[in-house]
Amino acid sequence: MASSKSDREPEPEPGAPPASLNGGQVLDGYFLKSRAAMLDIAAMLDRLSRGEQSGGAINDDRKRQLRAALAILNDAEGAKARRIQEIFSQ
Amino acid sequence: MFLIDPHVHMVSRTTTDYENMAMAGVVAVSEPAFWAGFDRSPAAFSDYYRQLTEFEPTRAASFGIRHFCWICLNPKEAEDLGKAREVLSLIPDFLSRPNVLGVGEIGLHKNTPHEMEVFRRHVQLAIDAGAARGGPHALILIHTPHLADKLKGTRLILDMLREFGAAIDPARVLIDHVEEHTISMVKDAGYWAGMTIYPTTKATPERAIDMIEVYGAEQMCINAAADWGISDPLWIHRTMLEAQRRGQNRAALIRLFHNNPASFFGQHPGFSIRPIEVVEK
Ligand SMILES: [Zn+2]
């Protein structure tokens, strides 16, 4: 099966310098924090859908922003932080 | 607001923590025996158990806080079966001390066969201690593993408890550090469940209150498992604040943060703090 775009490893933004830490060091230092941040996002989305059962929010534009940001987290492009900022700040 | 801290390692906290906790309404703490950050010799355990049963109650009392504890060999030091045998032989004597609520925090760390063996021996100790008094088994407090080992470890713990059949009463066992993927199996089997608010590796105040909303407050306790790591006993209070922000009233807060622990621990005759009632006039 051909790999879809999101299966590929994201490329760094052209011209971005290598990080001061190598890949393994980045995971050592930040894996657990990212894991916790993902659980926070997941729990917030669960809370949101439970909240919508009590009313409100269904077509709120902030939901579209969150969905667009989540797609960027999982795409094959670099500069994720800048691109997510651009979703939340036009 | 009055609270009972159901899981805190005061031996590694300062006296200022006791003072802050007292000012924040903590009336009692329950301190499970745990890992000191390095592996100890069997002789060190006897001193540690004395610290938990003699020294900490005095330190707590000067702030009006009642101190209770749990005795065991923690799972992180259970790999050496020879040492485990020696340490476990010390436990029965300490179980009868006045501030000892039961056996804990036992459990699994890396889910190894030796850890499982030592877990079963602790459960048997709790059963034997009860039989010696002609009553039900001693209360049991269980640590479930961290992170990647949690799901499998929690299942193994439930399987091992099941092996003891009717000798184990789920209402006398609290299984701690449950999270979104383990809370149902613990509650469905009738055990008490503990949720731990601890940075990065465990739950957050928001996620804990989500779980209370979804699974209910019945047989649930919330703790911060504050220890020698980056942690804070007052994370319990942050969680209370989160519940308050979501509209939980004072009676609900007292139930979750005071009365639930009082009900579970109150099954031990030495734990004399009774649930309190909020009456709005
Ligand atoms: Zn602990």
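The questions and answers below cover the metal site, the sheet and the chains.

User: What should I know about the model and the numbering?

Analyst: This is a predicted model: local features need pLDDT of at least 70, side-chain atom pairs count only at pLDDT 80 or more, and totals for chains, interfaces and linings use all residues. Side-chain values use heavy atoms, without hydrogens and water, while chains are lettered from A and ligands numbered from 1 in written order, and residues are numbered from 1 along each chain as its sequence is written.

User: Which residues coordinate the zinc ion?

Analyst: Donors are N, O and S atoms within 2.8 Å of the metal (3.2 Å for Na, K and Ca); water is not among the atoms, so sites may look incomplete. The donor residues follow the spacing H-x1-H-x95-E in sequence. Contributing NE2, NE2 and OE at 2.0 to 2.2 Å, they are His7(B), His9(B) and Glu105(B).

User: Are His7(B) and His9(B) buried or exposed?

Analyst: Buried means under 20% relative accessible area, exposed over 50%, and partly exposed in between (1.4 Å probe, protein chains only). By that rule, both His7(B) and His9(B) are buried.

User: What is the omega of the cis peptide bond at Glu105(B)?

Analyst: Glu105(B), a zinc ligand, is found in strand S4 of chain B. Strands (E, at least two residues) and helices (H or I, at least four) are DSSP runs, numbered from the N terminus. Most peptide bonds are trans. The bond joining Gly104(B) and Glu105(B) is cis, with omega at about -10 degrees.

User: What is the bridge partner of Ile4(B) in S2(B)?

Analyst: S1(B) and S2(B), residues 26–32, pair in the parallel sense over 3 bridges. S2(B) is mostly covered, with 6 of its 7 residues buried. The partner of Ile4(B) is Ala28(B).

User: What is the relative accessible area of His177(B)?

Analyst: His177(B) lies in the loop between S6 and helix H7 (183–188) of chain B. Its phi is positive, about 60 degrees, although it is not a glycine. Most residues other than glycine have a negative phi. His177(B) is buried, with a relative accessible area of 3%.

User: And what is the relative accessibility of Asn111(B)?

Analyst: Asn111(B) is in the loop between S4 and H5 of chain B. Asn111(B) also has a positive phi of about 60 degrees without being a glycine. It counts as buried, at 9%.

User: What radius of gyration does chain A have?

Analyst: Chain A has 3 helices and 0 strands. The radius is taken over C-alpha atoms, and the globule rule is 2.2 Å times the number of residues to the power 0.38. A compact globule of 90 residues would come near 12 Å, but chain A has 16 Å.

How values were computed. Pairing = 2+ DSSP bridges.
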